[in-house]
Amino acid sequence: MSSAPYSVAEFRRRAGEQMLTIGDETWREHGDSLLNPAVIPHLEGMKLRDAAVLIPVVDDGEEARVIFTQRTATLRKHSGQIAFPGGAVDDEDADVEAAALREAEEEISLDRRFVEPVGRLPQYKALSGFSITPVLAVVQPGFELVPNPSEVDKVFDVPLSFLMDPRNHERGSGVWLGSERHYYRMPYEGHNIWGITAGIVRVIYERLYA
């Protein structure tokens, strides 16, 4: 008997399968890279710092949910934007999984005892100077979230089924550093998920559910 398509069991299975086809250059083939191919040579010439974000998929029966944060308005970069828990990989971090788990604990007090990393996505190369590895994870119920007020204004979740429906993947554009850039946006109940975060969601869809 197959699992419900948007359950954590099915998410875990698909996450593991897609790991078999990740290569060093796979990031060029997905999401924002396809929307902005002219940016790829510029990104390849940049010295990027390693970062990691946690994609926390909560076990909620047949309809898993994904945790997001809204950054505080006082942060110097990306203030007020929707994000996944994450940040730069420190020298003390054993790997990107350790960095993502540490950041989730620091930002929203997500106890790693409830979190099971189940895969990675191709790195997301950002013009802001980071090479971001999204760490796919299953989160078991029973956790308590407490936003760090210096970094996170609020925490909310979105059904995985909504995020994996391409009909909810709108496209927008704007001028950045003198050139037009295209991006995905996924409005949900007053939350405007866009930019890097929406780009990563799009890659989850393309690699796991398309």
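Student: In which strand is the place of Arg171?

Tutor: Arg171 belongs to strand β9, residues 170-176; a strand here is a DSSP run of E with at least two residues, and a helix a run of H or I with at least four, each numbered from the N terminus. The model is predicted, so local features need pLDDT of at least 70 and side-chain atom pairs pLDDT 80 or more, while totals for chains, interfaces and linings use all residues. Residues are numbered from 1 along each chain as its sequence is written, and side-chain values use heavy atoms, with hydrogens and water left out.

Student: Why is Arg171 called exposed?

Tutor: Its relative accessible area is 60%. Exposed means over 50%, buried under 20% and partly exposed in between, with a 1.4 Å probe and protein chains only. Arg171 is therefore exposed.

Student: Which residues does Arg171 touch?

Tutor: Leaving aside residues up to four places away in sequence, Arg171 touches Leu35, Tyr183 and Tyr184, a contact being heavy atoms within 4.5 Å. Arg171 and Tyr183 are 12 residues apart in sequence, and their C-alpha atoms are 5.7 Å apart.

Student: Why does Ser109 count as partly exposed?

Tutor: Ser109 has 35% relative accessibility, so the term partly exposed applies. Ser109 is found in the loop between α4 (96-108) and β5 (115-120), and its phi is near 60°, a positive value in a residue other than glycine.

Student: What makes Glu189 exposed?

Tutor: The relative accessible area of Glu189 is 66%, and therefore Glu189 is exposed. Glu189 lies in the loop between β10 (179-188) and β11 (191-194), with phi near 45°, again positive in a residue other than glycine.

Student: How do you know that the radius of gyration agrees with that of a compact globule?

Tutor: The rule, taken over C-alpha atoms, is 2.2 Å times the number of residues to the power 0.38. For 210 residues a compact globule would have a value near 17 Å; the protein has 16 Å, which agrees.

Student: What makes a set of residues a nonpolar core?

Tutor: The members must be buried Ala, Val, Leu, Ile, Met, Phe, Trp, Tyr or Cys residues joined through side-chain atoms within 4.5 Å. The largest such core has 38 residues, and Phe11, Ile55, Phe68 and Leu163 have the most contacts inside it. Helix α6 (residues 195-209) gives the largest share of this core, 8 residues. A second, separate core of 17 residues includes Ile67, Leu101, Val135 and Val152.
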